[in-house]
Amino acid sequence: MCASVKYGSRGPALIPRMKTKHRIYYITLFSVVLLGLIATGMFQFWPHSIESSAEWSLDRRSVHDAPLVRIPMSSPIPERGDLSCRMHTCFDVYRCGYNPKNKIKVYIYPLQRFVDEVGVPISSTGLSREYNDLLSAISDSDFYTDDVSRACLFIPSIDVLNQNSLRIRETAQALAMLPRWDKGMNHLLFNMLPGGPPDYNTALDVPRDRALLAGGGFSTWTYRQGYDVSIPVYSPLSAEVDLPERQPGPRRYFILSSQTAIHREYRVELERLKEENGEALLLLDKCSNLSQGLASVRKRCYKGQVYDYPQILQESSFCVVLRGARLGQATLSDVLQAGCVPVIMADSYILPFSEVLDWKRASVVIPEEKLPEMYTILKSIPHRQVEEMQRQARWFWEAYFSSMKAIGMTTLQIINDRIYPYAARTYEEWNNPPVVKWTSVNSPLFLPLIPPRSPGFTAVVLTYDRIESLFRVITEISKVPSLAKLLVVWNNQNKSPPEGYKCSMISEGLTSFFFLSRSECINKFASVFGTMPLKVVEHRADPVLYKDDFPEKLKSFPNIGSL
Amino acid sequence: MQAKKRYLISLLTGAFLVVLFYFGGGVPGPAATGSRSRHGYNRPEQPWPHFSDPLQHLSPWDHSDTEEYNVHISPRQKRDVNSSVYKGKRCRMQSCFDFSLCQRNGFKVYVYPQQKGEKISESYQNILSTIEGSRFYTSDPGQACLFVLSLDTLDRDQLSPQYVHNLKTKVQSLPLWNNGRNHLIFNLYSGTWPDYTEDLGFDIGQAMLAKASISTENFRPNFDVSIPLFSKEHPRTGGDRGYLKYNTIPPFRKYMLVFKGKRYLTGIGSDTRNALYHVHNAEDVVLLTTCKHGKDWQKHKDARCDKDNAEYEKYDYREMLHNSTFCLVPRGRRLGSFRFLEALQAACVPVMLSNGWELPFSEVIDWNTAAVIGDERLLLQIPSTVRSIHQDKILALRQQTQFLWEAYFSSVEKIVLTTLEIIQDRVLQQTSRSNLMWNSHPGGLFTLPQYSSYLGDFPFFYSKLGIKPNPRFTAVIHAVTPLVSQSQPILKLLVSVARSQYCAQIIVLWNCDKPLPAKHRWPATSVPIIVIEGENKVMSSRFQPYDSIISDAVLSLDEDTVLSTTEVDFAFTVWQSFPERIVGYPARSHFWDNNKERWGYTSKWTNDYSMVLTGAAIYHRYYHFLYTNFLPSSLKSMVDQLANCEDILMNFLVSAVTKLPPIKVTQKKQYKETMMGQSSRASRWADPDHFAQRQTCMNKFASWFGVMPLVHSQMRLDPILFKDQVSILRKKYREIERL
């Protein structure tokens with residue numbers, strides 16, 4: 001009954017006992033081998049590492065040094081993307097293998113400059129700064145491997161972010177020429193601006209076999225759910241403009257429309273809304289009197305009045321993000337950065353990273369048809385929710401939109417989560433901003449269960465050296481029918497627990513020193529947790545009928561109240 | 001002697017190694033050094049060189065693009081083009097669903113009348129009667145937004161006895177068919193041996209499919225709904241609870257991974273099951289297959305069959321199911337299997353091996369939180385994968401299986417309602433549930449987005465969002481007797497409630513036939529008193545979600561309740577810790593009457609309780625909304641007719657949602673049964689029929705819920721220091737102790 005944990009006078013022996021002579025023998029042998037290994041290692045690795053790091057520092061290389069590759073006219077063209085592709089049909093999972101870190105390995109093809117037979121490059125812009133940033137970020141990340149044979153995912157260095165700058169046929173041929181292309185298996189292409197006039201298809205038009213597409217502007221008809229990744233259209237203003245985070249709350253304007261390229265039909269409807277609701281709406285357009293160029297990107301006008309963009313976005317609770325020729329709009333990124341709640345009107349659009357992000361908490365999606373009802377719909381949203389959405393919008397931008405690195409890492413993490421679903425990031429990890437992560441409580445025992453009495457309980461008794469009261473506790477508690485196990489934790493390192501019933505008399509009562517050290521503990525723990533996790537309540541649980549004027553023998557727990 | 005030999009050998013080995021390293025250099029590892037040097041010197045490829053040239057920017061604002069777009073295509077036309085092009089396998093809500101039908105009357109579902117001579121399977125009958133009993137049902141096709149066939153489409157396996165012939169012509173002849181637009185077709189089985197296609201054998205036109213075992217290739221995202229495969233015996237309502245009774249830590253069970261099922265030897269779906277024996281270790285990974293099924297199994301049997309069959313007989317399926325941490329759920333001939341729901345109910349975390357199966361309700365359920373999604377191609381890695389999952393994760397996965405089972409799968413009713421709610425979410429768009437509502441307790445069926453789109457307005461998500469409920473309450477006093485004297489209890493109650501520091505306002509619900517008393521008759525209080533005349537003066541109106549209730553907490557009171565300010569304050573502080581439960585004073589209990597074989601209601605003083613009456617209770621205002629909008633009109637009208645049982649129904653509802661008992665707090669005046677009959681109590685309590693009615697109500701409610709949702713509790717919450725022998729001055733809620 002008096003279960004206690006016993007330790008020997010010494011700690012558990014790690015090395016099996018042996019004679020001293022033999023031990024010395026062993027130790028010597030071991031050190032000789034170890035020294036030998038260290039020496040060999042230094043000899044083998046040192047000079048190389050010096051050499052390579054020297055080379056690395058010289059590695060300020062230019063795009064123009066990349067080798068030129070000529071694409072023969074008759075070079076094969078990949079098939080158009082297969083709409084039925086899914087991870088289990090078009091993705092070779094064997095390449096990813098099982099690894100304890102549950103992390104995919106990503107290989108980036110070295111840069112090549114592809115030209116056609118007459119020497120015209122396949123892309124009018126070549127490598128864009130954004131794509132370079134993206135690939136640099138990936139190569140700096142844990143995902144990166146330079147060993148092509150260990151890679152699970154391959155990223156071509158051919159920049160297809162903007163379809164407008166591409167020659168479709170030649171780009172496709174260039175893709176097919178990649179050494180590991182193999183029908184596009186496990187290849188990932190990043191594209192932000194798909195389609196071109198007049199139809200503006202919603203996915204990259206470059207034939208690409210089975211390659212995965214991380215695309216900005218997918219529609220529900222082109223997006224292969226669980227295979228492609230929907231990504232945002234990166235806004236260069238993210239890096240250019242520093243918008244400080246604003247506290248969530250009401251803003252000067254209720255709805256703001258800042259896009260310059262809104263279809264006439266929609267602009268008419270927005271103007272009608274403006275007439276009906278007056279000052280609550282601000283309807284901006286491009287400035288006709290300013291000179292074209294970069295400046296016009298940063299300015300917006302309303303009736304001759306000039307506003308700074310994107311700063312003006314911070315002055316509104318809701319910001320309209322209407323589809324343009326394409327479904328994906330860079331404005332979305334600016335709006336989120338400003339902490340303005342996006343009102344997304346782009347039918348059939350697959351929202352960026354919708355596989356993992358809960359857009360309902362950061363945006364309002366309204367069918368294009370309901371544009372005239374926008375004001376009433378938005379007015380019906382509770383204030384507290386608007387504030388939460390403002391905070392959430394800003395957090396989405398910071399975590400997933402703010403740089404090409406963020407976009408690239410999120411995309412890779414999503415693919416990683418599909419390959420190792422049992423190690424995937426959780427909804428909370430993806431969607432809760434740091435504030436919520438700190439304040440929210442996710443109990444590990446979240447299921448409302450009222451357990452039966454049958455398995456009973458385990459009593460854990462912590463004791464220092466007050467043997468007498470320990471025995472009293474043990475005797476009392478062992479009378480409880482539902483006690484299943486009793487564990488005594490002996491917390492005195494200087495003394496061994498008593499054997500049998502040899503008990504020493506210890507004075508009762510707690511010294512003031514004891515209380516002092518307990519309160520120190522509380523402060524220490526609170527500082528480790530970052531917040532005070534303990535909560536103060538004013539109630540305690542008693543049995544029903546506790547201390548009630550009621551026959552004692554009819555009470556379930558009679559002697560609790562009678563003490 | 002022995003030891004010496006050992007040392008000598010190890011010494012020699014060590015020496016040999018050293019020699020090799022020093023002198024052999026490249027001999028033992030030429031490959032390693034070779035590859036290193038290749039990487040070291042042949043650097044140009046690696047890693048990505050971070051080009052520092054002035055590169056061109058990506059310009060996402062292409063003005064020429066948009067100008068052209070402006071000239072050519074009207075967005076309205078473009079939408080019309082889309083909806084005419086994307087049909088059949090490419091159907092989406094935008095192209096194959098007529099939203100305008102839902103705008104007038106909301107989301108209403110019409111079920112075709114059953115035709116004579118048409119046989120309907122029991123399962124399909126259950127589906128239809130669930131819809132007919134739900135709040136979405138309409139008998140008028142003119143009001144309907146969604147149509148459900150009365151022709152049994154569940155089993156489309158031609159070899160099955162349930163197969164309905166000539167479905168094609170029958171469907172085409174339906175007057176409202178309209179090429180399947182806004183129709184929902186339920187299906188459990190499709191195709192047959194040997195290829196098990198997912199074709200239903202008739203043209204479904206633009207209808208939506210609610211189908212079991214649907215593959216990702218055929219699944220039309222946000223249009224079809226993947227439902228679980230359920231058996232004929234699956235209960236219509238209620239349904240069994242999950243098998244997990246308590247959590248164990250560490251969460252490991254006797255077996256790590258189990259499976260017991262058929263092996264097909266050949267044909268579709270046989271590969272994975274044929275390979276299972278590689279992973280079986282007869283200890284903690286027990287994967288058993290049998291070839292013994294079908295008539296001519298002997299003909300196809302292979303070398304392993306006899307051995308496998310023998311091993312198969314040694315274990316009991318149920319025993320394994322209940323004692324395993326993980327359960328393998330490989331595909332059968334079709335992608336889904338009964339085993340999936342069985343494992344879910346048994347709190348055995350499903351390990352899916354069914355490539356391309358669109359998991360049930362995948363549109364809303366995050367299956368990564370309740371299952372391990374494996375890949376058939378990586379079968380051999382499965383044991384090490386499940387072993388690598390951390391205990392904390394297993395604990396969470398296991399609890400989530402139970403939550404999901406009880407929230408969406410335990411009865412046909414839940415499966416059907418979940419299907420309808422998913423479609424409703426798509427139709428109503430702005431007022432739809434977020435991921436958190438679907439994937440956390442109490443689940444989407446109890447979290448109605450029409451109430452609010454903000455999570456913080458519900459009682460369930462405070463701790464998840466790290467926020468607290470509004471620190472004030474609204475008192476709702478239900479008045480049924482005319483105001484004649486200034487000593488009436490209601491006036492005293494008004495004064496004492498108004499004095500509470502947490503009281504935001506008091507609403508008097510005037511359910512009395514006499515006209516409203518003049519304004520000056522009400523006592524002057526520091527908080528506003530709002531008098532509302534009850535709609536039709538019925539009982540249920542006390543749980544109407546009045547717009548004037550602005551706080552999260554509602555203190556519901558009968559007009560004759562006697563409560564002191566301290567009691568109100570204390571109850572409210574308790575409620576703040578348990579915002580999703582009913583916290584209050586008068587406790588009652590239910591019991592199973594063995595003689596009458598029905599539920600009984602008792603108001604006796606007992607050691608436990610399962611209800612806290614709403615004559616003096618605090619609860620979240622969301623329950624007003626749920627009471628009015630979730631409960632069927634049959635129960636509400638019963639309450640109204642009897643003018644009784646509304647408090648019992650509220651307790652049923654809240655316990656069904658929370659799966660927890662209400663909370664009784666201690667009160668100053670101890671209830672005496674004799675007090676119940678006194679003239680000061682309202683007349684309705686004195687009526688002897690009143691008590692008998694309450695028994696009837698209990699049983700009526702329990703049958704609608706399908707189970708008895710009430711839970712007993714033995715706990716009462718008292719103020720700290722309650723009746724302790726310390727100075728009364730040190731006690732904050734000292735009033736409660738004074739008799």
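Predicted model: local features only at pLDDT ≥ 70, side-chain atom pairs only at ≥ 80, totals over all residues.
**Chain B as a whole**

Let's begin with the overall picture. Chain B contains 26 helices and 24 strands. It has 739 residues, and 57% of them count as buried. Its exposed surface comes to about 31,200 Å², with carbon and sulfur atoms supplying 54% of that area. If you look at the contacts in chain B with a separation of 6 or more, 74% are between residues 24 or more positions apart.

**A sheet and its helices**

Strands of a sheet pair through backbone hydrogen bonds, either parallel or antiparallel. In chain B, an open sheet is built from six strands in the order β2-β1-β3-β5-β7-β8, and their pairing is parallel. Which strands sit at the edges? They are β2 (137-138) and β8 (225-226) of chain B, each of which pairs on one side only.

Helix α7 (residues 122-133) of chain B lies across β1, β2, β3 and β5 (183-187) of chain B, at about 135° to β1(B).

**The disulfides**

A disulfide is a covalent bond between the sulfur atoms of two cysteines. Over all chains, the structure has nine disulfides. Here are three of them:

| Disulfide | S to S distance | Torsion about S-S |
|---|---|---|
| C96(A) and C152(A) | 2.1 Å | about 55° |
| C91(B) and C96(B) | 1.9 Å | -80° |
| C645(B) and C697(B) | 1.8 Å | about 80° |

The torsion tells you the handedness: the link of C91(B) and C96(B), at -80°, is left-handed. At about 80°, the torsion of C645(B) and C697(B) makes that disulfide right-handed.

C645(B) lies in the loop between α22 (633-642) and α23 (646-658) of chain B, while C697(B) belongs to helix α26 (residues 688-705) of chain B, so the bond ties together parts 52 residues apart in sequence.

Are C96(A) and C152(A) buried or exposed? Both are buried. C645(B) is buried too, because its relative accessible area is 0%, under the 20% cut-off.

Technical notes. Residues numbered from 1 in each chain as written. Chains lettered and ligands numbered in written order. Heavy atoms only, no water. Pairing = 2+ DSSP bridges. Helix = DSSP H or I, 4+ residues; strand = E, 2+ residues; numbered from the N terminus. Contact = heavy atoms within 4.5 Å. Axes fitted to C-alpha atoms, helices over the stretch in contact; angles between N-to-C directions. Buried < 20%, exposed > 50% of the residue type's maximum accessible area, 1.4 Å probe, protein only. Areas by Shrake-Rupley, 256 points an atom, 1.4 Å probe, with all protein chains shown as cover. Disulfide = S-S within 2.5 Å.
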